[in-house]
Amino acid sequence: MGRYLKNRTIESIKNECTVDENGCWNWKKSSGGGLYINHNGIQYTPAKLTYLLSAGSIPPGTYINSTCKNICCCNPDHLVAGSHKSTGRVQPKRVSRSLNDENIPLIIDDLNEGILSNLQIAEKYKVTLIQVQILSREISKVNSTLKGTNKSE
Ligand SMILES: [Zn+2]
């Protein structure tokens, strides 16, 4: 805990923002996009810090994107953590889940079963077709390696 550093709260950040009719908290100082807020001795973008303060943590390896497409917005209700950096065109309702430790084994099972098409699997797990195709290719590589090294008579 940074005892000597001034810590921020969501309210203190909101007080420095202009709240517009969309409910966006427009960080006044971010017209150039390059200003950071110091919190516990760490520099954060306003959006990253309000997300952190409201959610408690930022999932590792994620970017904080605004669902309202307002890059100056730091209203935590408008922010989502995603695996890709938004270019301001984020469409949160349609965003694909990515491959993770949970869905990869399930997708592999479905691929091995061979009942569903790659596209059906992609839709089932809300991942992209390309992600399924990549997994599918990896599996056939592994399977052919296994066959190749299987030296049982
Ligand atoms: Zn907003």
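**Close-up views of a predicted protein chain**

**View 1. Leu-49 sits in helix α2.** Helices (DSSP runs of H or I, at least four residues) and strands (runs of E, at least two) are numbered from the N terminus. This is a predicted model, in which local features need pLDDT of at least 70 and side-chain atom pairs count only at pLDDT 80 or more, while totals for chains, interfaces and linings use all residues. Residues are numbered from 1 along each chain as its sequence is written. Is Leu-49 buried or exposed? Leu-49 is buried, because 25 other C-beta atoms lie within 10 Å. The word "buried" stands for 20 or more other C-beta atoms within 10 Å of a residue's own, "exposed" for 12 or fewer, and "partly exposed" for anything in between, with C-beta atoms placed from the backbone. Setting aside neighbours within four places in sequence, Leu-49 is in contact with Arg-8, Ile-13, Ile-37, His-39 and Tyr-44. Here a contact means that the C-beta atoms of two residues, placed from the backbone, lie within 7 Å. Pro-76 is 27 residues away from Leu-49 in sequence, and their C-alpha atoms are 9.0 Å apart in space.

**View 2. Helix α2 is mostly covered.** Seven of the 10 residues of α2 are buried, and they are Pro-46, Ala-47, Lys-48, Leu-49, Thr-50, Tyr-51 and Leu-52. What do these buried residues pack against? Their partners are α1 (10-15), β2, β3, β4 (42-44), β5 (63-66) and β6 (79-82). Just after the helix, Gly-56 takes a positive phi of about 95°.

**View 3. The largest nonpolar core has 15 residues.** A nonpolar core is a set of buried Ala, Val, Leu, Ile, Met, Phe, Trp, Tyr and Cys residues joined through C-beta atoms within 7 Å. In soluble globular proteins, nonpolar side chains tend to be buried together. Which members of this core touch the most others? They are Trp-25, Ala-47 and Cys-74. Looking at Trp-25 itself, and leaving out neighbours within four places in sequence, you will find contacts with Lys-14, Cys-17, Val-19, Cys-73, Cys-74 and Asn-75.

**View 4. A second, separate core has six residues.** Among them are Tyr-125, Val-127, Val-132 and Leu-135. Where is Val-127 found? Val-127 belongs to the loop between α4 (118-125) and α5 (129-149). Val-127 counts as buried because 20 other C-beta atoms lie within 10 Å. Leu-99 is 28 residues from Val-127 along the chain, with 6.8 Å between their C-alpha atoms.

**View 5. Lys-69 and Lys-126 each have a positive phi although neither is a glycine.** Most residues other than glycine have a negative phi. For Lys-69, in the loop between β5 and β6, phi is about 65°. Lys-69 is partly exposed, because it has 17 other C-beta atoms within 10 Å. For Lys-126, in the loop between α4 and α5, phi is about 55°. Lys-126 counts as exposed, because it has 12 C-beta neighbours inside 10 Å.

**View 6. Ser-136 lies in helix α5.** How many C-beta neighbours does Ser-136 have inside 10 Å? The count is 17, so Ser-136 is partly exposed. Not counting residues up to four places away in sequence, Ser-136 touches Leu-111 and Asn-118. From Ser-136 to Asp-110 is 26 residues in sequence and 10.0 Å in space, C-alpha to C-alpha.

**View 7. The protein chain as a whole holds five helices and six strands.** From the N terminus on, the order is α-β-β-β-β-α-β-β-α-α-α. Of the 153 residues, 21% count as buried. Among contacts between residues at least 6 apart in sequence, 46% join residues at least 24 apart. The mean pLDDT (the predictor's confidence in each residue, from 0 to 100) is 80 for the chain, and 80% of its residues reach 70 or more. Among the elements, strand β3 (residues 37-39) has the lowest mean pLDDT (82) and helix α2 (residues 46-55) the highest (93). Over residues 1-5 the pLDDT is below 50, and this stretch has five contacts beyond near neighbours in sequence. Residues 88-95 also have pLDDT below 50, with eight such contacts in the model. Where pLDDT is low, the predicted coordinates should not be read in detail.
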